[in-house]
Amino acid sequence: GAYRNDKLKTNLQIGLNDRIAFVKNLFEGSQEDFNRVISQLNTLKTEKEAKKFINKIVKPDYNWSEHEDLENRLLAIVERRFS
């Protein structure tokens, strides 16, 4: 209903420390790439779409194998947006 739609207007809430860590470790230091990914995630309607976008489109472009903790942190933030 309307309540759910209102809720979806909220964007991902990412604190400064997380933001810095994500840019440095997950996006090879590219603030621009990070911002582009986040704004894309903010347009998606479901958690499933968001996770698919991360796994199929974002993740293959970067090497996240060393940064599983940060990847999980990002996914947790994404989940929170939809819960």
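Modeller: Axes here are lines fitted to C-alpha atoms, for helices over the stretch in contact, and angles run from 0 to 180 degrees between N-to-C directions. This is a predicted model, in which local features need pLDDT of at least 70, side-chain atom pairs count only at pLDDT 80 or more, and totals for chains, interfaces and linings use all residues. Residues are numbered from 1 along each chain as its sequence is written, and side-chain values use heavy atoms, without hydrogens and water.

Biologist: In which helix is confidence lowest?

Modeller: The chain has a mean pLDDT (the predictor's confidence in each residue, from 0 to 100) of 91, and 89% of its residues reach 70 or more. Confidence is highest in helix 2, at 98.

Biologist: Are helix 4 and helix 5 roughly parallel or roughly antiparallel to each other?

Modeller: Helix 4 (residues 47-58) packs against helix 5 (residues 68-82) with axes 9 Å apart, at an angle of about 155 degrees. Angles under 35 degrees count as roughly parallel, over 145 as roughly antiparallel, 65 to 115 as roughly perpendicular and the rest as oblique. The two helices are therefore roughly antiparallel.

Biologist: How many charged residues are in the contact of helix 4 with helix 5?

Modeller: Contact means heavy atoms within 4.5 Å. Glu-47, Ala-50, Lys-51, Ile-54 and Asn-55 in helix 4 meet Glu-71, Leu-75, Val-78, Glu-79 and Phe-82 in helix 5. By class, these residues divide into five nonpolar, one polar and, as charged (Asp, Glu, Lys and Arg), four.

Biologist: How is helix 2 oriented to helix 3?

Modeller: The axes of helix 2 (residues 16-26) and helix 3 (residues 31-43) come within 9 Å and cross at roughly 115 degrees. Arg-19, Phe-22 and Val-23 of helix 2 make the contact with Gln-31, Phe-34 and Asn-35 of helix 3. The angle makes the two helices roughly perpendicular.

Biologist: How many nonpolar residues are in the contact of helix 3 with helix 4?

Modeller: These helices pack at about 145 degrees, with axes 10 Å apart. Val-37, Gln-40 and Leu-41 of helix 3 touch Ala-50, Phe-53, Ile-54 and Val-58 of helix 4. The contact has no charged residues, one polar and, as nonpolar, six.

Biologist: How many residues apart are Phe-27 and Tyr-62?

Modeller: Four aromatic pairs (ring centres within 6.5 Å) are found in the whole structure. Phe-27 lies in the loop between helix 2 and helix 3, and Tyr-62 in the loop between helix 4 and helix 5. Their separation in residues is 35.

Definitions and conventions: Helices (H or I, at least four residues) and strands (E, at least two) are DSSP runs, numbered from the N terminus. Rings of Phe, Tyr and Trp (its six-membered ring) pair if their centres lie within 6.5 Å; planes under 30 degrees apart count as stacked, over 60 as edge-to-face and the rest as tilted.
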